[in-house]
Amino acid sequence: MNPRVSRVKPTADYNLVLVFDDGDRRVYDCSHLLDFGVFRELRDLGYFKHAYVLDGTVVWPREQDICPDTLYRDSLPLVEERPS
């Protein structure tokens, strides 16, 4: 079993910056979901930014969610720029 989400920060480019319960920080790109079924509502950036964590995964108010294993497996490690 993969780690579960403990924090999420939605971005203006339809990414989710995720912090997992093991401390891992990753980025998940949601843009590929925006034309699919219930996820079409996420095209509204204002609505997309209402993402929150519930029971270890990311959800939205109208019950969209993404499996935490998918979020972990299909995300990329967060690379933060360091000041020079």
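A salt bridge here is a side-chain nitrogen of Lys or Arg within 4 Å of a carboxyl oxygen of Asp or Glu. Before you start clicking, note that this is a predicted model, where local features need pLDDT of at least 70, side-chain atom pairs count only at pLDDT 80 or more, and totals for chains, interfaces and linings use all residues. Residues are numbered from 1 along each chain as its sequence is written, and side-chain values use heavy atoms, with hydrogens and water left out.

**Stop 1: salt bridges**

Select Arg73 and Asp74: their side chains meet in a salt bridge, 3.4 Å from N to O. Arg73 is exposed, with a relative accessible area of 54%, while Asp74 is partly exposed at 43%. (Buried means under 20% relative accessible area, exposed over 50%, and partly exposed in between, using a 1.4 Å probe and protein chains only.)

Next, pick Asp35 and Arg43, another salt-bridged pair, at 2.7 Å from N to O. Asp35 is exposed at 55%, and Arg43 is partly exposed at 43%.

Now go to Asp24 and Arg26, joined by a salt bridge of 3.6 Å, N to O. Buried or exposed: which is Arg26? Arg26 is buried, with a relative accessible area of 11%, whereas Asp24 counts as partly exposed at 23%. A search of the whole structure finds five salt bridges.

**Stop 2**

Select Thr11, in the loop between β1 (5-10) and β2 (15-20). Strands (E, at least two residues) are DSSP runs, numbered from the N terminus. Thr11 is buried, at 19% relative accessible area. Leaving aside neighbours within four places in sequence, Thr11 is in contact (heavy atoms within 4.5 Å) with Val17, Leu45, Phe48 and Lys49.

**Stop 2: an open sheet**

Colour β4, β5 and β6: these three strands form an open sheet in that order, with antiparallel pairing. The edges are β4 (52-54) and β6 (65-66), each pairing on one side only. Two strands pair if DSSP finds at least two bridges between them. Strand β5 (residues 57-59) and β6 are linked by two bridges in the antiparallel sense. Click Val58, then its bridge partner Ile66 in β6.

Technical notes
Helices (H or I, at least four residues) and strands (E, at least two) are DSSP runs, numbered from the N terminus.
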